[in-house]
Amino acid sequence: MASGFFAVLDDIAALMDDVAVASKVATKQTAGILGDDLAVNAEKATGFLSSREVPVLWAIMKGSFVNKLIIIPIAFLLQFIFPPAIKIILILGGLYLAYEGVEKIIEYFFHKKDKHEEVIKEIEDGETAETAEKLKVKSAITTDFILSLEIVIIALGSVLEKSLPIQIITVSIVAILATVGVYGIVALIVRMDDAGYKLIEKSHNKGFFNLLGKSLVKALPIIIKALSIIGTIALLLVSGGIFDHNIELVHRFLPHVTEMGKHALYGIVAGLAMFFIVSAGKKVYSLIKK
């Protein structure tokens with residue numbers, strides 16, 4: 001009885017060792033996409049009133065967990081039943097990300113908003129601030145779904161040769177770390193100004209902590225603007241990377257161009273194509289509706 005018990009413990013220890021090694025490899029392979037995920041989600045989680053930042057971020061984080069709870073079992077099921085479906089889903093997701101990235105660029109250059117416009121306000125068609133907030137949260141969760149899918153697939157691909165229990169545990173660990181890590185850092189970023197004001201208050205406008213507090217307050221708008229730019233670039237790079245890694249013809253195209261250059265080009269081209277298709281679709285829908 002005792003020998004059997006210790007044999008089980010040995011098996012569990014061996015499994016944990018294998019999971020630790022596999023998780024390290026999977027995390028390393030998803031590091032790039034996690035960086036993009038951070039930039040995209042930080043940009044998505046900003047632009048709200050200070051009092052709404054944490055509730056909004058919490059809502060997006062819960063949505064991210066739900067996304068992964070949906071994606072992980074489906075990914076394993078598709079990998080078992082019809083592996084090519086994974087690539088098809090990734091490519092469709094890549095088209096969505098490319099469209100979002102290009103739409104942001106076009107909106108910035110051709111549809112600039114009034115500089116004095118409130119962050120979240122009443123919109124001309126009567127849409128309330130609460131509705132606008134919900135729409136942005138929904139958009140953030142949708143984008144997170146595509147990025148989460150990419151993370152899960154990359155993590156799964158790194159452990160395909162392992163046993164099923166190791167695959168499941170490893171992918172689950174990477175998914176949890178990705179969600180907690182990314183949104184934890186995002187939370188720190190969006191609350192920088194509050195931390196700065198508290199430091200200024202505690203230091204009574206004197207000394208090192210006063211200087212640090214003022215630096216945090218001044219740095220936040222710069223960081224948010226930078227993250228907005230980085231997030232847009234990340235959308236295009238992630239989408240271009242999806243096309244490059246999952247479409248053989250695209251992968252062989254432009255062999256002498258750097259990987260980042262190719263990914264950016266593919267993302268822009270796909271995004272422009274999707275933008276014109278969606279715009280045409282909206283016009284046709286409007287005509288039919290009339």
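This is a predicted model: local features need pLDDT of at least 70, side-chain atom pairs count only at pLDDT 80 or more; totals for chains, interfaces and linings use all residues.
Residues are numbered from 1 along each chain as its sequence is written, and side-chain values use heavy atoms, without hydrogens and water.

**View 1. The surface and interior of the chain.** Of the 290 residues, 37% are buried (under 20% relative accessible area, 1.4 Å probe, protein chains only).

**View 2. The helices of the chain.** The chain has 10 helices and 0 strands (DSSP runs numbered from the N terminus: H or I of at least four residues for helices, E of at least two for strands).

**View 3. Two spans from the record.** An unreviewed UniProt entry lists residues 70-99 and 263-281 among those under "transmembrane region"; such annotations may be inferred rather than shown by experiment. Residues 70-99 are 93% helix, with end C-alpha atoms 24 Å apart. Residues 263-281 are 100% helix, and their end C-alpha atoms are 26 Å apart.

**View 4. The packing of α4 and α8.** Helix α4 (residues 84-110) packs against helix α8 (residues 207-246) at about 150 degrees, with the axes 8 Å apart. Axes are lines fitted to C-alpha atoms over the stretch in contact, and angles run from 0 to 180 degrees between N-to-C directions. The two helices are therefore roughly antiparallel (over 145 degrees). Residues of α4 that meet α8 include Gly 94 and Gly 101 (contact: heavy atoms within 4.5 Å).

Methods:
Buried means under 20% relative accessible area, exposed over 50%, partly exposed in between (1.4 Å probe, protein chains only). Angles under 35 degrees count as roughly parallel, over 145 as roughly antiparallel, 65 to 115 as roughly perpendicular and the rest as oblique.
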